[in-house]
Amino acid sequence: MAIDRIDIDEINVIDEIDIDEDLKFWDESTNVSSFINGNFKMKMEETIGVADGIGGWAKKGINSGEYSRQLGRNAELSIHKPKDQRNQIHPMEVLNEAYFNMKCQGSSTACILTLMCDIVHAVNVGDNKFVVKRDGVVVYKSEIQQKGFNYPFRLGNGVKFDDPSVAQEIEVTVKIGDVLVMVQMDCSIMLTTLSWRN
């Protein structure tokens with residue numbers, strides 16, 4: 001599968017999401033991880049992700065949130081395992097490990113991203129999205145994956161569901177001061193700001 005590599009200095013400004021209107025706050029991230037980029041260092045939350053359980057499972061008496069919570073817990077366990085020689089986190093490896101360790105019934109969308117040097121590395125399955133905001137303007141928005149209206153790609157056990165092989169792998173070049181916003185379709189929001197390392 002090819003990785004989409006985007007240098008956001010070379011694309012048109014995207015204004016479909018009004019982040020200023022949708023977000024009434026500004027948040028500076030804590031220093032969990034720092035990454036060297038040329039002569040300076042950027043920091044952001046180590047790795048962030050969202051998983052959104054598919055509500056249709058309720059008709060079968062299954063809690064749709066349990067699958068997404070377990071997927072998130074599995075991803076967190078994967079992130080805290082020893083990594084490669086540079087201690088880098090690879091979102092696709094995290095997603096694969098989280099998925100293949102699932103024990104409960106259900107299905108979920110998922111998006112995981114992390115920062116290495118000046119590049120955000122992300123994987124996405126379904127209708128979650130993330131945007132990069134620079135100087136008050138959205139300069140990148142990830143694409144959602146849908147099979148039809150209100151029918152997103154989704155991870156799950158069984159032949160009717162997808163596995164991580166359908167995930168979009170995305171790389172986006174970012175700058176200090178950029179704001180990364182990750183959104184679930186039910187409007188849950190995670191926000192982090194890239195800043196100088198202290």
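Student: In this predicted model, which side chain makes a polar contact with the side chain of aspartate 178?

Tutor: Aspartate 178 sits in the loop between strand E12 (168-173) and strand E13 (179-183). Its side chain also reaches the backbone nitrogen of lysine 175 at 2.8 Å. The side-chain partner, at 2.8 Å, is arginine 134.

Student: Is aspartate 178 buried or exposed?

Tutor: A residue counts as buried when its relative accessible area is under 20%. For aspartate 178 the relative accessibility is 1%, so the residue is classed as buried.

Student: Where is asparagine 124 found, and what is its relative accessible area?

Tutor: Asparagine 124 belongs to strand E6. Leaving out residues up to four places away in sequence, asparagine 124 touches Ala110, Cys111, Glu143, Ile144, Gln145, Ala167 and Gln168. Asparagine 124 is buried, and its relative accessible area is 0%.

Student: Which backbone oxygen lies 3.4 Å from a polar atom of the side chain of asparagine 124?

Tutor: The side chain of asparagine 124 reaches the backbone oxygen of glycine 126 at 3.3 Å. The backbone oxygen at 3.4 Å is that of asparagine 128.

Student: What distance separates the end C-alpha atoms of helix H2, and what span should its residues give?

Tutor: Helix H2 covers residues 64-79, which is 16 residues. At 1.5 Å a residue, these should span 22 Å.

Student: Which residue caps the N-terminal end of H2?

Tutor: The cap is made by a side-chain oxygen that lies 2.8 Å from the backbone nitrogen of glycine 65. The residue that supplies this oxygen is asparagine 63.

Student: What covers the buried residues of H2?

Tutor: The buried residues of H2 include Tyr67, Leu71, Ala75 and Ile79. An α-helix has 3.6 residues a turn, so residues three or four places apart point the same way. The cover over the buried residues of H2 includes strand E4 (47-53), helix H3 (91-100), E5 and strand E11 (155-156).

Student: How many aromatic pairs does the structure hold, and which parts does the pair of phenylalanine 130 and tyrosine 140 tie together?

Tutor: The structure holds three aromatic pairs. In one of them, phenylalanine 130 and tyrosine 140 are tilted, at 5.5 Å centre to centre with 45° between the planes. Both phenylalanine 130 and tyrosine 140 are buried. Their places in the chain are 10 residues apart in sequence, so the pair ties together strand E7 and strand E8.

Student: What is phi of cysteine 117?

Tutor: Most residues other than glycine have a negative phi. Cysteine 117 is in the loop between strand E5 (107-116) and strand E6 (119-125), and counts as partly exposed at 37% relative accessibility. Its phi is positive, near 55°.

Student: What is phi of aspartate 135, and is this residue buried or exposed?

Tutor: Aspartate 135 is found in the loop between strand E7 (129-134) and strand E8 (137-141). Its phi is positive, near 50°. With a relative accessible area of 76%, aspartate 135 is exposed.

Note on methods: Residues numbered from 1 in each chain as written. Predicted model: local features only at pLDDT ≥ 70, side-chain atom pairs only at ≥ 80, totals over all residues. Heavy atoms only, no water. Helix = DSSP H or I, 4+ residues; strand = E, 2+ residues; numbered from the N terminus. Buried < 20%, exposed > 50% of the residue type's maximum accessible area, 1.4 Å probe, protein only. Expected span 1.5 Å × (residues − 1). Contact = heavy atoms within 4.5 Å. Polar contact = N/O pair within 3.5 Å; in protein donor to acceptor, adjacent residues only side chain to side chain. Phe/Tyr/Trp six-rings, centres within 6.5 Å; stacked < 30°, edge-to-face > 60°.
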